[in-house]
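User: I am new to this structure. Can you show me how to read its features, step by step?

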Amino acid sequence: MPTFAKAYIASSATAPLQPGTIERREPGEFEVQIAIKFVGICHSDIHTARGDWASVNYPVVVGHEIAGVVEAVGARVTRHAVGDRVGVGCFVDSCRDCANCRDGEEQYCLAGATSTYNSVGRDGLPTVGGYSTSIVVDEDYVLRIPDGIPLDAAAPLLCAGITMYSPLRTWDAGPGKRVAIIGMGGLGHMGVMIAAAMGAEVTVLSQSLKKQEDALRLGAEHYYATSDPSTFEILRGHFDLIINTVSADIDVDEYLSLLALDGTMVLVGLPSKPLTQRAWSLVSFRRSIAGSKMGGIRQTQEMLKFCAAHGLGAEVEVIPASKINDAYERVLASDVRYRFVIDADTF
Ligand code: NAP
Ligand code: ZN
Ligand code: ZN
């Protein structure tokens with residue numbers, strides 16, 4: 001029997017999110033039903049709810065930083081049990097059979113991973129995200145949250161945490177590496193903590209000096225305001241790796257000039273307009289520009305273990321559901337410290 005769950009729903013690109021009711025299927029034999037406790041507000045939720053990217057099938061319920069407790073399991077579930085603390089991230093299924101799925105890189109599934117929202121599941125129905133009181137997900141796409149991480153601080157790890165952990169691992173952030181994070185928001189602040197825990201020398205490049213104290217407390221060694229033109233003089237040719245979390249139009253050439261020989265800028269921010277850069281910015285010092293999308297299930301579990309071992313969790317401001325629309329405005333104004341997390345009891 002399907003159950004009803006409370007949710008916050010976007011009915012168009014311009015309408016504020018509003019409370020409503022959704023249906024959740026009964027868990028299938030390999031599925032887990034999760035009572036959601038907290039759900040983070042990722043900037044991707046805002047891009048989707050506001051129709052910034054490709055087509056959105058309204059009404060849509062967004063939310064892919066989900067932390068909760070298992071409340072029911074299907075007959076053949078072996079990985080999770082009722083009462084377990086679990087999380088769900090950006091995707092809830094994939095083909096499991098392509099080369100990338102077999103390599104544990106399900107986010108790059110060649111058949112297209114099934115996103116947690118605004119996608120279509122195997123049952124042919126739209127996927128409905130985590131701004132709600134419960135969700136039903138295949139056990140293989142559900143993560144275990146280590147006991148040491150409170151659920152509110154854990155929720156943002158399911159997207160922001162893994163989206164930063166994965167490129168930091170791929171491009172070998174560690175001792176002797178100079179890593180810059182552009183944008184001290186939800187992703188950025190996790191990047192600072194994780195890169196510092198990996199042993200890298202971390203610099204934050206933020207629009208202003210407002211978040212300097214916090215960045216240094218979270219593990220950054222240096223902090224520069226990009227509104228100050230001297231920043232680009234002082235740091236020219238300095239970094240091995242730059243992770244760009246910004247979703248606005250920025251002068252990519254200016255930031256590429258901060259890379260050392262063989263340095264890489266990894267894009268994780270997703271502006272709606274194309275980015276441009278001059279060939280010279282790359283050619284001059286054999287620099288690269290790359291992209292990275294979340295991380296696979298195995299690596300997400302590894303990231304959660306890493307965060308627990310290093311005592312890391314997101315810096316959160318827990319809000320009731322009635323404040324979601326205000327929180328969206330504050331995220332858009334770069335006024336978030338550093339992730340809004342919705343208390344699911346208030347849906
Ligand atoms: P966020 O909390 O809004 O953080 C973005 C930060 O970018 C802001 O806090 C701000 O930092 C900086 N920024 C904003 N406007 C700027 C501007 N005009 N110029 C320069 N810097 C600016 O967002 P988020 O949740 O971290 O997400 C960031 C982006 O990553 C979004 O586009 C999101 O969709 C995308 N994303 C991608 C993936 C992936 O898999 N690749 C996963 C999750 C999210 P300062 O105040 O410090 O300047
Ligand atoms: Zn996200
Ligand atoms: Zn696949």
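**Reading the metal site and the ligand shell**

Analyst: Start with the zinc ion (ligand 2): Cys42 (SG), His64 (NE2) and Cys159 (SG) coordinate it at 2.0 to 2.2 Å. Keep in mind that this is a predicted model.

User: How are the donor residues of the zinc ion spaced in sequence?

Analyst: The pattern is C-x21-H-x94-C. His64 sits in the loop between helix H1 (43–49) and strand E4 (66–73), and Cys159 in the loop between helix H3 (151–154) and helix H4 (160–170), so this pair ties together parts 95 residues apart in sequence.

User: Is His64 buried or exposed? And Cys159, buried or exposed?

Analyst: The general idea: a residue counts as buried under 20% relative accessible area. His64 has 8% relative accessibility, so it is buried. Cys159 has 5%, so Cys159 is buried as well.

User: Now the other ligand. Which residues are closest to ligand 1?

Analyst: Of the 30 residues that surround ligand 1, the closest are His43, Ser44, Ser206, Lys211 and Arg339. For Ser206, a polar side-chain atom lies 2.5 Å from an oxygen atom of the ligand. Backbone atoms take part too. A backbone N or O atom of Leu270 is 3.0 Å from an oxygen atom of ligand 1, and a polar backbone atom of Met294 is 2.8 Å from an oxygen atom of ligand 1. On its own, ligand 1 has 920 Å² of accessible area, and the protein covers 90% of that.

User: Where does the shell around ligand 1 come from?

Analyst: Look at domains, then helices. Domain 1 (3–159 + 295–346) and domain 2 (164–291) each give at least three residues. H1 and helix H5 (186–198) each supply at least two. The largest share, 3 residues, belongs to H1. By type, the shell has 13 nonpolar, 14 polar and 3 charged residues.

User: What about the backbone? Which peptide bond at Pro59 is cis?

Analyst: The bond from Tyr58 to Pro59, with omega near -5°. Pro59 lies in the loop between H1 and E4. Another cis bond joins Arg337 and Tyr338, with omega about -15°. Tyr338 is in the loop between helix H11 (324–332) and strand E17 (339–343).

User: What is the phi of Arg286?

Analyst: Arg286 has a positive phi of about 45°, although it is not a glycine. Its place is the loop between helix H9 (279–283) and strand E15 (288–291). At 55% relative accessibility, Arg286 is exposed. Ser334, also not a glycine, has a positive phi of about 55°. Ser334 is in the loop between H11 and E17, and is partly exposed at 35%.

Notes: Residues are numbered from 1 along each chain as its sequence is written. Chains are lettered from A and ligands numbered from 1 in the order in which they are written. This is a predicted model: local features need pLDDT of at least 70, side-chain atom pairs count only at pLDDT 80 or more; totals for chains, interfaces and linings use all residues. Side-chain values use heavy atoms; hydrogens and water are left out. Donors are N, O and S atoms within 2.8 Å of the metal (3.2 Å for Na, K and Ca); water is not among the atoms, so sites may look incomplete. Helices (H or I, at least four residues) and strands (E, at least two) are DSSP runs, numbered from the N terminus. Buried means under 20% relative accessible area, exposed over 50%, partly exposed in between (1.4 Å probe, protein chains only). A residue is near a molecule or strand if one of its heavy atoms lies within 4 Å of it. A polar contact is a pair of N or O atoms within 3.5 Å; within protein, one must be able to donate a hydrogen and the other to accept it, and residues adjacent in sequence count only if both atoms are side-chain atoms. Accessible areas come from the Shrake-Rupley method with a 1.4 Å probe; for residues, only the protein chains shown count as cover. Ala, Val, Leu, Ile, Met, Phe, Trp, Tyr, Cys and Pro count as nonpolar, Asp, Glu, Lys and Arg as charged, and the others, Gly among them, as polar. Domain bounds come from an automatic or database domain assignment.
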